[in-house]
Amino acid sequence: MSTLPHGYRTVVVPPERRDEFRAVDDLAFAGWVDPEIAEILPFPVPEDRMVAVEGPDGGLAAVHGSYPFEMPVPGGTVACSGLTWVGVRPDQRRRGLLRSMITTHVERSLERGEPVSALFAAEAAIYGRFGYGSASDSVNLTLPRGAALRPVAGADALDVRLERLGKEHEDLAEELHRRAGAGRPGWMPRPTAALRARLVGDPPAWRQGFEPMLIVTVRDGDDVRAAAAFSRKEGWGEGGPEYKVKVRWAFALDPAATHRLWSFLLDLDLTSTVETPMLPVDDALLHLLVDPRPIQRRTGDNVWVRVLDLPAALQGRRYAAPLDVVLDVSDALVPANAGRWRVAVGADGAATVTRTEADADVRLDVRELGALYLGGRSATALASAGLVTGAPDALARVTAAFTSPLAPVCPWVF
Ligand SMILES: CC(=O)SCCNC(=O)CCNC(=O)[C@H](O)C(C)(C)COP(=O)(O)OP(=O)(O)OC[C@H]1O[C@@H](n2cnc3c(N)ncnc32)[C@H](O)[C@@H]1OP(=O)(O)O
């Protein structure tokens, strides 16, 4: 049950109050919805997933929403409630409204049969207390023009085509997005039309001096093997042109297309630097660079994961090695997850998760379980920080079973 101050109540926001919902987030995030932007980028939270806390005066004091994701996990997908648009009016802060909304979010997600929640954190210090663990990192690169790439056979034979980005590219972009991330945990497909529109929407108010967006496609005949959406900003220094290239997204289906795509972006006339979008920490571009040292890289936390229904979540993914281990899990917010669980993984990588009275091999909070869930963190490494405890052998077995061959990442902020 959520606890709210006297006179406040939780409400599912009907469509006719959508503008009020948005107005709370505008106050919380210092935003302002230009009608032109709203026209190009429709409000993306599905109607039955807009939830708020109404104050004693009948106005909305705090809001949150969620997206219905099928989240890629090692070996499959899991229904995931993507927490988003969390905002509390600045004059209503720190009286427990977020805490209450998280309780509501957990309850509603479980009722819908979503065993996992995920989010991008506006501030990293907020969500750990609610059992969300930082499950992946991403990296943004700034590359000098002309950064050399190791050769890839077949790359030079591919064609490139440059066009202005438009609505007509939306289906192509979504398909490439989905296929380029095959096998990568956390790589969320966009589940609604409004979210897909954000792949190609280019409101002038967001350009900040950059040109209207372009799309470059890499082709083998008629077969599009890669694409990137990007734009350039004019700039002149004492030594000549210093245009910037900013890449919004880049998706490639094979090594040759990856090489051709980045070779094109790294050698545009007049430009001096290229900024990448969020990339996985093991992205192919990092392996292709002849000299990665001059590259500026900024690593940040990417997706956070909250296990809501422990057995369903752990049975919803596959494991990289056989395992038979007893986990002792603490969960202050969802008591049904707390206690000892036997996780038995067979040769097929599938897990059976059952309650047990047996002694625990590994002890951890549900927050760390969320961190491990996508396969991008090591139980042994978390133990070195005192966040997980257990014998070294048990920790190593958990690490080997939970790991993913590809680092988890979500390439877009939701
Ligand atoms: C998934 C997303 O949408 S991320 C977007 C989050 N939204 C924003 O950042 C917009 C601006 N900020 C806000 O709207 C609000 O300040 C929020 C949502 C961050 C917090 O809402 P509040 O109602 O003030 O939080 P609430 O009173 O429930 O606090 C719960 C706990 O979180 C802590 N907390 C709240 N905000 C923060 C923060 N920014 N940093 C660290 N701790 C925080 C509180 O201190 C409290 O701690 P406690 O459990 O030890 O008592």
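**View 1. Residue V86 is buried in this predicted model**. V86 belongs to strand β4, residues 76–88; strands (E, at least two residues) and helices (H or I, at least four) are DSSP runs numbered from the N terminus. Leaving aside residues up to four places away in sequence, V86 touches H64, L98 and M101, where contact requires C-beta atoms, placed from the backbone, within 7 Å. Residues are numbered from 1 along each chain as its sequence is written. In this predicted model, local features need pLDDT of at least 70 and side-chain atom pairs count only at pLDDT 80 or more, while totals for chains, interfaces and linings use all residues.

**View 2. Residue L98 lies in helix α3**. This helix spans residues 97–111. L98 is buried because 20 other C-beta atoms lie within 10 Å. Residues up to four places away in sequence again set aside, L98 touches A62, V86 and V88. In the unreviewed UniProt entry, the annotation "binding site" covers V86, G87, V88, R94, R95, G96, L97, L98 and R99; UniProt positions follow the numbering used here, feature names are shortened, and annotations may be inferred rather than shown by experiment.

**View 3. An open sheet of five strands has mixed pairing**. The strand order is β20-β19-β18-β21-β22, with pairing taken as at least two bridges found by DSSP between two strands. At the edges stand β20 (351–355) and β22 (388–390), each with a single partner strand, so one side of each has no neighbour in the sheet. From one strand to the next, the twist averages 25°. Strand β19 (residues 339–345) runs antiparallel to β20 and is joined to β20 by five bridges. R342 stands opposite T354 in β20.

**View 4. Helices α9 and α11 lie across strands of the sheet**. Helix α9 (residues 366–373) lies across β18 (323–330), β21 (362–365) and β22, at about 95° to β21. Axes are lines fitted to C-alpha atoms, for helices over the stretch in contact, and angles run from 0 to 180 degrees between N-to-C directions.

Terms used: Buried ≥ 20, exposed ≤ 12 C-beta atoms within 10 Å, placed from the backbone. Contact = placed C-beta atoms within 7 Å.
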